[in-house]
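Trainee: I have a structure to go through today. Can you walk me through it?

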Amino acid sequence: MIPIKLPPLRERKEDVFEFVQYFLKVYNRKHGYRKRLSPEAVHILCDYEWPGNVRELSNIMERLVVVTPSPVIGEDDVLLAIPDYQAIKLQRADMIEKGMTHQSAMEAFEETYFRYIMEKGLTLKKTADLIGLSESTLKRKLKKYGLRPRD
């Protein structure tokens, strides 16, 4: 047996576009859709670090195909599916400059994350499905930050 070492997806940015196209085709076929991606959506998907590697990309692509109501998956749809993309970009430098502890940085990020998600006006169930949490966990998190679900 010969071991083959593949670097993580974040180190192979040039491969992300191909994976995005592949998963879009696979999940369109699987779920009976003909959705496509806007150029802005493609940019975000290709720019994201993908800490969960190809499995995370696959899961996000399936979620986008199934949950996006329009035939074109846009920038807002992708940002909703991976809301930490925008929050991380905006908060990274600020957190370091303020000397925040890990715990306070995580709480600040989480609050921003849930505020952003709730601005989309989705139902509690749809939001929970989209971000991969149970409804009860989502309710608890929203209560912690003084947010109310649409339901």
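Trainee: Anything to know before we start?

Mentor: This is a predicted model: local features need pLDDT of at least 70, side-chain atom pairs count only at pLDDT 80 or more, and totals for chains, interfaces and linings use all residues. Residues are numbered from 1 along each chain as its sequence is written, and side-chain values use heavy atoms, leaving out hydrogens and water.

Trainee: OK. How many helices and strands in the protein?

Mentor: There are 8 helices and 2 strands. Helices (H or I, at least four residues) and strands (E, at least two) are DSSP runs, numbered from the N terminus. Along the sequence the pattern reads α-β-α-α-β-α-α-α-α-α.

Trainee: And what share of the residues is buried?

Mentor: Of the 151 residues, 40% are buried. Buried means under 20% relative accessible area, exposed over 50%, and partly exposed in between, with a 1.4 Å probe and protein chains only.

Trainee: New topic. How many aromatic pairs are there?

Mentor: The structure has 5. In the pair Tyr48 and Trp50, the ring centres are 4.6 Å apart and the planes are at 90 degrees, so the pair is edge-to-face.

Trainee: What are the cut-offs?

Mentor: Rings of Phe, Tyr and Trp (its six-membered ring) pair if their centres lie within 6.5 Å; planes under 30 degrees apart count as stacked, over 60 as edge-to-face and the rest as tilted.

Trainee: Are Tyr48 and Trp50 buried or exposed?

Mentor: Tyr48 is buried, at 5% relative accessible area. Trp50 is buried too, at 0%.

Trainee: What about Phe114 and Tyr145?

Mentor: Their ring centres are 6.4 Å apart and their planes at 25 degrees, so that pair is stacked. Phe114 lies in helix α6 (residues 102-119) and Tyr145 in the segment after α8 (135-144), so the pair ties together parts 31 residues apart in sequence. Phe114 is buried at 2%, and Tyr145 is buried at 10%.

Trainee: Which residues form an aromatic cluster?

Mentor: Phe19, Tyr22, Phe23 and Tyr27 form one.

Trainee: Now the helices. How do α1 and α3 pack?

Mentor: Helix α1 (residues 13-31) and helix α3 (residues 53-67) pack at about 45 degrees, with axes 9 Å apart. Axes are lines fitted to C-alpha atoms, for helices over the stretch in contact, and angles run from 0 to 180 degrees between N-to-C directions.

Trainee: Which residues meet there?

Mentor: Among them, Phe19, Phe23 and Tyr27 in α1 meet a set in α3 that includes Leu57, Met61 and Val65. Contact means heavy atoms within 4.5 Å.
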